[in-house]
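Please go through the model shown here, with attention to its backbone, its helices and the contact between its chains.

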Amino acid sequence: MTMRHIMAKSLAPTDGVRDYLAAQEKKSLLRFLTCGSVDDGKSTLIGRLLSDTKQIFEDQLAALERDSRKHGTTGEDIDFALLVDGLEAEREQGITIDVAYRFFATPKRKFIVADTPGHEQYTRNMATGASTADLAIVLIDARQGVLRQTRRHSIIASLLGIRHIVLAVNKIDLVGFDQAVFDRIVEDYRQFSRDLGFQTIVPIPMSARYGDNVTGRSGNTEWYSGPTLIEHLETVSVDQAVVELPFRFPVQYVNRPNLDFRGFAGTIASGSVAPGDEVVVAKSGKSSRVKRIVSYGGDLAQAAAGQAVTLVLDDEIEISRGNMLVSPAARPQVADQFAANIVWFDEHALLPGRSYILRTETDQTSATVTDLKYRINVNDFAHEAAKSLEMNEVGICNISTRTPTAFDPFAENRTTGAFILIDRISNATVGAGMILHTLRRAENIHWQSLDVVKRVRADMKNQRPAVFWFTGLSGSGKSTIANLFEKKLFATGRHTYILDGDNVRHGLNRDLGFTDADRVENIRRVAEVARLMGDAGLIVIVSFISPFSAERRMARELMADGEFIEVFVDTPFEECARRDPKGLYARALNGEIKNFTGVDSPYEAPENPEIHLKTLGKSAEEMVDTLEHWLNERDIAEDQYDSGGGI
Amino acid sequence: MTIALTHLQRLEAESIHIFREVAAAFAKPVMLYSVGKDSSVLMHLAMKAFYPAKPPFPFLHVDTTWKFREMIAFRDQMAQKLGFDLLVHVNEDGVRDNINPFDHGSNTHTHVMKTVALRQALDKYGFDAAFGGARRDEEKSRAKERIFSFRNAQHVWDPKNQRPEMWKIFNTRIASGESIRVFPLSNWTELDIWQYILQESIPIVPLYFAKERLVVERDGMLILRDDERMKLRPGEVAENRLVRFRTLGCYPLTGAIESEADTLEAIVGEMLTARTSERQGRLIDRDEAGSMEKKKREGYF
């Protein structure tokens, strides 16, 4: 191998370097993505851009030539897609799986480009690339025209706040550089996208593979008088002027190295701030003034959107991570109910009623979708009724959060109007949300402050509230044990109530069936009722199959600490099917009943139940003794704790 | 009012945001400190992010025992000067088995002394988040990686199934035993790094500057013979040449370039006309196709 020996001697003098760097610093940055359907040439286009703007080093080019011979799809030519398809699986399969970020610069501008996958399966990775972009290049294969993925990607780009589109009608060489084909595709796209809120749509006929109209004007498209791609990217204005918006400062980290310093660290989401400015704590409404803007190089006289700073206030007011410091004149919404667009990423569908973790830039709370209003059909924008949102689908939902959160509508502020949803068990990022507006009822219905509280009600009954949550297969013995347990408690003067699966389904939940979505809602309602009863001071016994751990966890989180007691009534499937008290197993195994737990619908056994009842070979009385013993132990422990730990 | 941030200000703010997010959301973070130029920038940003406090996490150096002596001296000097908590981990099993780049090849050496050593250290201290200085412009598989990159309890990266990463909203949730690798410099390029070092006067290891050094030409690379453990092959002669390093790693695996660039300005000037990427000087990336991705999946940074 020959080595390049690079000599500094041939370079411009030091002053030249300084000047060059000063010029670099003045360049603006454009973040964009390439998207569109599979095989429309996204990766090839980026490879072309990198190559034509001289961003590829000699050793990289040598590697590319090697790889092109091994994996390439372009015969003898260099396959530029291999520059960006960096994962082995991608190179082997010749597809893009995940987003790649590449960097290049021209004399006029710096660029970060996200090359995103076209396969529907990897839509979440396209959304990842789009979330930080200001412009999207939508590629279309001139032979194919506007496809389903073209539409899906355009809708997602629009929802994520992208306002500038380049419509790259690619592979124009393969349709003989025909203007009629180009015009037809452009017209199709304009028709389709007229309600997507794009400020600019710039169509360019292009051949990424041969470079026509990418960085140089093509001699093959005399009929086209618009800019080349690079000319447009260098000049398009995408500024969203976030500095002009009201001041928003999501508090990310409270910096408290010693008692004399208490700073609030975060990145200014919008607007600007200076010492002396009045600021308001969004969630509490308390106000103070900015005393200092602390930075490593010395205090700042002002700071603006995009800067990561540390603010010190005049007053000692309560502020923690997740709260927001805001302009007193224009405050954000603070609510626990709002409507939002959701893009769903996970293979497990979004189910209304299921509890997820909602994260904004710095805040985190539990959230449920209370109402899936409709799903958007990506082909024709039709609003379709839906009971769940499947992977890669887009819908409009009402969301309810456990604690109020501070936000702006996404259309007004891309930073404070966005959130993600996280699965409570797998911790996967399952969805992304863009807030539309607060729901009225959240603004108008405030929590009533009540003097007669749970503790007082329970004390009057001389007991501690508890929710015994029985979970287990149908026929495992839940109802039998629950009934016996209640009798025993009643006999000792306790105030109790049983919520039984079958009985509740005849009344409160008569409208629900047995799909996953309905099972989730079934549990949510029962959990809420159990919580109210616990609040009334009762000992509640819930006897529900409750097959999903996510819903049991949601129920647990509704109750006060120590009040939720998960009881796993553990009877093997074979035994339940043998007992079959209602004849249901026989029918389910015959295929007469659908979605039957343990047969064709899963049962997720609890991993750490408070009480684990293994019923085989034991009597119901023995089980009840275990439960009662457990309850007595808890009450004694809590009484001791209340009176100072018994010391 | 118009306050347009410069390119470097924007990068700096993004990195500081990432540092603070980890400090706020994780129980036991650590910063991987490799002593190179990217680590120097990372350290500087960490100091900025938490000022006037010190970074609320320790710095970990995984020492393969084959680093340049000047790197070790610089490391200890920085730890003393900035007063951060420095942890040094060596894979003692590898030392016992005398794993080295000459007898075992760069692949095995890197795996045992770097990748395995790193996993050992993370497990030993129970770190749940680890900062690294990797940049997306370095290498193709890095270009695909998230800023918050999930690792399962075996430290394995699953590149085909990464968590979506929307806006600046990072999913910091993990189960016990799992961890996140965090890359605050993801969006920086090599040029940005040098520009920032110049702008902020950040100290770096002197090996980056051109100087007469005793080097041996081997396998197309100029290797600095840092100690007696490197035996000369027949016909090889060590000769004084004016060289410097574009990246730093284990000395037997890191090629020098001939250069007269002995100031930061000259280094930047040299970069602007460079025709090869910085990783070209790294023997370990050329071992096999997709070698970086493979190493990363196994737990390498």
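**Backbone, helices and chain contact**

A:F177 sits in the loop of chain A between β5 (164-170) and α8 (179-193); helices (H or I, at least four residues) and strands (E, at least two) are DSSP runs, numbered from the N terminus. This is a predicted model, in which local features need pLDDT of at least 70 and side-chain atom pairs count only at pLDDT 80 or more, while totals for chains, interfaces and linings use all residues. Residues are numbered from 1 along each chain as its sequence is written, and chains are lettered from A and ligands numbered from 1 in the order in which they are written.

Although A:F177 is not a glycine, its phi is positive, at about 55°. A:F177 has 20 C-beta neighbours inside 10 Å and therefore counts as buried. The cut-offs are these: a residue is buried if 20 or more other C-beta atoms lie within 10 Å of its own, exposed if 12 or fewer, and partly exposed in between, with C-beta atoms placed from the backbone. A:N427, also a residue other than glycine, has a positive phi near 65°. A:N427 belongs to the loop between β21 (418-422) and β22 of chain A. Its 17 C-beta neighbours inside 10 Å are why A:N427 counts as partly exposed. In chain B, the peptide bond from B:Y51 to B:P52 is cis, with omega near 5°. B:P52 is found in the loop between α2 (37-50) and β2 (59-62) of chain B. As background, most residues other than glycine have a negative phi, and most peptide bonds are trans.

Now to the helices of chain A. Nine of the nine residues of α6 (residues 123-131) are buried, so this helix is largely enclosed by the rest of the structure. The buried residues run from A:T123 and A:R124 through A:N125, A:M126, A:A127, A:T128, A:G129 and A:A130 to A:S131. Their cover includes the strands β1 (28-36), β3 (109-115), β4 (135-141), β16 (333-344) and β22 (429-438), together with α7 (148-159), of chain A. Two residues are in contact if their C-beta atoms, placed from the backbone, lie within 7 Å.

Helices α14 (residues 516-535) and α15 (residues 549-558) of chain A pack with their axes 9 Å apart, at an angle of about 20°. Axes are lines fitted to C-alpha atoms, for helices over the stretch in contact, and angles run from 0 to 180 degrees between N-to-C directions. α14(A) and α15(A) are therefore roughly parallel to each other (angles under 35 degrees count as roughly parallel, over 145 as roughly antiparallel, 65 to 115 as roughly perpendicular and the rest as oblique). On the side of α14(A), the contact is made by A:V520, A:I523, A:R524, A:A527, A:E528 and A:R531, and on that of α15(A) by A:E551, A:M554, A:A555 and A:L558. By class, this contact has six nonpolar, no polar and four charged residues. Ala, Val, Leu, Ile, Met, Phe, Trp, Tyr, Cys and Pro count as nonpolar, Asp, Glu, Lys and Arg as charged, and the others, Gly among them, as polar.

The contact between the chains takes 71 residues from chain A and 64 residues from chain B. On the side of chain A that touches chain B, helix α1 (residues 14-26) gives the most, with seven residues. That side divides into 37 nonpolar, 19 polar and 15 charged residues.

Chain B itself has eight helices and 10 strands. Buried residues make up 57% of its 301 residues.
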